[in-house]
Amino acid sequence: MIIVEYPVAAVLKLWHLLLANVLGIAPNVAWVGAVVLLVLTFRLMLLPLAYRQIKSGRILANLRPQMREIRERYEGKTDPESRRELRRARQEVQSANDYKLRDGCLPLLIQLPVLIGLYRLLLRIARPEEGLNSAHSGYGPLSATDFTTFLDARLFGVPLPTYASMAEGELRSLGTSGLEVLTVALPLIIMASVFTTTNFIYSTSRTFRTVDYSQGFARFISKFMIFMGPLILFFPWVFGLFGPAPIALLLYWVCNNLWTAVQSYAIQSHLDKHYPYTDEFWEYFATQKQLHKENRAAKKNRLSQPPNQNALNSPDEQPSE
């Protein structure tokens, strides 16, 4: 992940230089602001991709009725020419409506490495391989002095590198205690849990509103997301209290999830106004949902009915007339 971590480190250092050398903020204090501005920088850079991703999902949803008609038109035709015509028809409809498959995949492929790079870099600085009290060699564009001032940085009096499960000896060497760390870590964990869970609930509720009931995989994913809820809720608590989650990382987590909450609501509100779901989509959605309910009810009735004893009897056991 060096290819991602080095650019992230460069942006972090640029913000630190601006805050410390231009604005005159103390170097150790400037790291707190640099972490926050680092999140804002990369999320702003990724905003156009996130917008295209969400918009492409809405376009594809509105195209479901047309895609259904195309599938029905070629249903039962398995010859190569029909398959090519089917793909061509789909591509023509998608192209005419400005849908591109890469819009749904590319943003995630770019955002995920960047977010992982942010995490790894903050963890690397907060937990240097050579130890907290050893001489630091720096990393990429970050010098040994940068490491030293970062390790001296504090949020509400608690060093950024500390975390709740850190050994008491290391905490004492950084001039703090487990109780002091918890007074800062716990509110950050609570906020991280609330923001992460809120984002999950908002995203899941939007998915439930537009799930494609004609697709078994889509129905499976919607059900699977329900079981993910408790994990999403408790993961920040488990990781924050028992894992290597430095204060700097928790601060990043809170800022990142707060940005996600605002961004998701803003984009969806914009799309609801300028690219709403069509009447054809809602009619298709209602029809598919009703068919799904009827199929489930029919299946339940079949399972609840007793087996036909006459069908189970062998010919020799059939009652004589």
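These are my notes on a few things I looked up in this predicted model.

**Helix 2.** I started with helix 2, which covers residues 27-62. I worked out what its 36 residues should span at 1.5 Å a residue and got 52 Å. The end C-alpha atoms are 52 Å apart, so the two agree. I then looked for bends and found a kink of about 45° at L47, shortly before the proline P48.

**S56.** I stayed in helix 2 to look at S56. Is S56 buried or exposed? Its relative accessible area is 5%, which is under 20%, so I put S56 down as buried. Its side chain reaches the backbone oxygen of Q53 at 2.8 Å.

**Annotated spans.** I checked the UniProt record, an unreviewed entry, and it places "transmembrane region" at residues 181-203 and 224-254. In the model, residues 181-203 are 100% helix and 0% strand, with end C-alpha atoms 32 Å apart. Residues 224-254 came out at 87% helix and 0% strand, and their end C-alpha atoms lie 25 Å apart.

**Aromatic rings.** How many aromatic pairs does the whole structure hold? My search found 12. One of them is Y6 with Y139, an edge-to-face pair at 5.2 Å centre to centre and 85° between the planes. This pair links distant parts of the chain: Y6 sits in helix 1, Y139 in the loop between helix 5 and helix 6, 133 residues apart. I noted Y6 as partly exposed at 36% relative accessibility, while Y139 is buried at 11%. I also wrote down one aromatic cluster, formed by Y213, Y277, F281, W282 and F285.

Terms used
Residues numbered from 1 in each chain as written. Predicted model: local features only at pLDDT ≥ 70, side-chain atom pairs only at ≥ 80, totals over all residues. Heavy atoms only, no water. Helix = DSSP H or I, 4+ residues; strand = E, 2+ residues; numbered from the N terminus. Expected span 1.5 Å × (residues − 1). Bend = angle between axes of the 7 residues up to and from the residue. UniProt positions renumbered as here; feature names shortened; annotations may be inferred. Buried < 20%, exposed > 50% of the residue type's maximum accessible area, 1.4 Å probe, protein only. Polar contact = N/O pair within 3.5 Å; in protein donor to acceptor, adjacent residues only side chain to side chain. Phe/Tyr/Trp six-rings, centres within 6.5 Å; stacked < 30°, edge-to-face > 60°.
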